[in-house]
Amino acid sequence: MSEEHNDIIVGLAGHIDHGKTTLIKALNGFDGDSLSEEKQRGITLDLSFSHLRLPTRNVAFIDVPGHNKLVKNMIAGAFGIDVLLLVIAANEGIMPQSLEHLRIADMLGISSCICVITKIDKLENPPLGLPRLESDITALFETCDMKLYDIIALSLCSSTTPLTNYDNLAQLERLKTSLDSIPKPQRIDFGLFLYYIDRSFSIKGAGCVVTGSVLSGQCCIGDKLYAYDIKQEVAVRGIQIHDKNATKATPSHRVALNLSGINHHQLKRGFLLSQKGYLRGFDSIDVGIFGTPAHNATYQLYLGSAKLNAKAHIISKPITSHAFGSKPLTLATLKCDELIFGVFSQHFILRNDEGAVLGGIILNPIIDPIKKHQRVQLLESLCNKRFDNAFSLLCAIHKKGFGLVSSTQRFCLSHTQSLQIASTLQDIFIDEKSLTLYPLSQIEYLKTHILEIFSHNKSALLSAQSLCVKIKWASLGLCQKALDELLNDKHIRYKNGLYLSQWCQIKDIKTYVQERLLEILTQAHYAPLAPYNIYEELDIDKKVGDDALKALTQAHKVVRITHNLFITSSALNEIVSLMREIIHTHSYVDVNLLRERTNLSRKYLIGYLEYLDKFDDIECNENKRSFKYHT
């Protein structure tokens, strides 16, 4: 594994004044309490970032505040962490914020922890107190899914302590060795670049700069990204990782992005940067919550560095067996005050005004209008990652087509993976090109509909394309499948790329279509239908119709005035003569005068007046046409 891919983000957690910031300073010389207010009060108010170069990897540190009033800042910093570094002061032991930070990290799916016991010089009886504290810490982790990798004890007040076994320098080196050797957890690959902004500012000569942690995917200099919260595209002008220029941003790094096409004031903490077109936002999402949230209670929802207000609507009892750890999951819908651009299996945190903290997993980021029992079935399938069951349920719910185009957001699956799962399902038609699934019953519905078209119009000339125009929800592949089955069963005929009724009497398709088009245009006179309306009226394929119109135009039987306005040559000559007559009478012609004589709509009037401009003896001034030369 390359050093870059072995890098990790380590989050420091623990109770206030247990020595997190001092520990970082001892490791790399970084003083996280850089703000004047932090210096004055001696606590970390916001997230502090630094890094440490080790033999096989670079470690990025996120030092989060330990004060209970600043837990929201700790939560924001915990997203994107690979390893937790839990700091516990020996003289105070496991304190409320120690427990809360550990719970939050565990609920976010952080799988490994190194525990550092500080201030051992302040223990009254170290040989007795230290083993007891180490035993309590070990027992604490037995209640978590998180694994305890190492416990290291030291004092940061002096180079040595009364205990010769706990030389600070040696213990710091041991800590560095643990940080260098702890296995890097396998991150969830969400199938796209995910980056939550925690800071946005401007640098002279560079412009907008944002900082954050890459949760998934990668981006390179020159890439286009999309700020989903404000629906604006930006370009990546530059990338810095740990104060060094880089060509790409990857997970497990603290990354600064220099963005062009936007002002830093437009970007705020919590905004999501990703590739455009992958995500849709909803003000409700279906989730699994670890524990027992209160029904219809309001919480603060933390997702990445974003914070929203959400009301929890419980829809099932806790599920004990699922794919997201050992803790029971309560199925619920979160109704939020802002749009959420969530992805399946993303972790989040809920916290209420009393300080109660719950964690959870996004199960259904794309809300479907379905009944409660169907929603429960769907969420039970999703929390067990039974995507085959989920596909079948959603296909039955979305009878007019369930699209796999949103598989990345909805299931954290690629299109290829989704199609492979769909291929194992029964009674499902898969249109691979449109990435859409249909119940097989929809093929039967289409076959019946096609036969009804032929029963009403024995001269219909159909194709899969023309059926798609008529039946908006049906994909090209589904229409083709229905036509193929009807042809195979000899219910219809196939000729010159078209599907015909068994009773069709047309001998020459080209001649028939031209004659019918000319007949309809002649009857319409000055107000002909648009071609697509005529094709739909005749039940004919678009290409056949277009070819026929082209032939009629080349034969000078029909003239194309605008994109969708075709008129017979005889009718056009009449309207031109009428416009000239109006000019003779009024010295000009405009929309109002022509409307009085024809009662046509504006789209026709504008088209005919602009056609009149093509004549050499006509001039246009202020939308009035007149003769250039007065006779």
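**Close-up 1. Salt bridge between Arg597 and Glu581 in the predicted model.** Glu581 is partly exposed, because its relative accessibility is 40%. The side chains of the two residues meet with an N to O distance of 3.1 Å. Arg597 belongs to helix α19 (residues 591-598) and Glu581 to helix α18, so the pair ties together parts 16 residues apart in sequence.

**Close-up 2. Packing of helix α18 against helix α20.** Helix α18 (residues 569-586) and helix α20 (residues 602-612) pack at an angle of about 80°, and their axes are 11 Å apart. The two helices are therefore roughly perpendicular. From α18, Leu572, Ile575, Val576, Met579 and Ile583 meet Tyr608, Leu609, Tyr611 and Leu612 of α20. The residues of this contact comprise nine nonpolar, no polar and no charged.

**Close-up 3. Salt bridge between Arg351 and Glu100.** The closest N and O atoms of this pair are 3.9 Å apart. Arg351, in strand β20 (residues 347-351), and Glu100, in helix α5 (residues 96-107), link distant parts of the chain, 251 residues apart. Arg351 is buried, with a relative accessible area of 15%. Glu100 is buried as well, with a relative accessible area of 7%.

**Close-up 4. Salt bridge between Asp150 and Arg174.** Here the closest N and O atoms lie 2.7 Å apart. Asp150 is in strand β6 (residues 147-153) and Arg174 in helix α7 (residues 168-181), so the pair ties together parts that are 24 residues apart in sequence. Asp150 counts as buried at 15% relative accessibility, whereas Arg174 is partly exposed, with a relative accessible area of 35%.

**Close-up 5. A network of salt bridges.** Glu444, Lys447, Lys481 and Glu485 are linked in this network. The count for the model comes to 19 salt bridges.

Terms used: Residues are numbered from 1 along each chain as its sequence is written. This is a predicted model: local features need pLDDT of at least 70, side-chain atom pairs count only at pLDDT 80 or more; totals for chains, interfaces and linings use all residues. Side-chain values use heavy atoms; hydrogens and water are left out. Axes are lines fitted to C-alpha atoms, for helices over the stretch in contact, and angles run from 0 to 180 degrees between N-to-C directions. Helices (H or I, at least four residues) and strands (E, at least two) are DSSP runs, numbered from the N terminus. Angles under 35 degrees count as roughly parallel, over 145 as roughly antiparallel, 65 to 115 as roughly perpendicular and the rest as oblique. Contact means heavy atoms within 4.5 Å. Ala, Val, Leu, Ile, Met, Phe, Trp, Tyr, Cys and Pro count as nonpolar, Asp, Glu, Lys and Arg as charged, and the others, Gly among them, as polar. A salt bridge is a side-chain nitrogen of Lys or Arg within 4 Å of a carboxyl oxygen of Asp or Glu. Buried means under 20% relative accessible area, exposed over 50%, partly exposed in between (1.4 Å probe, protein chains only).
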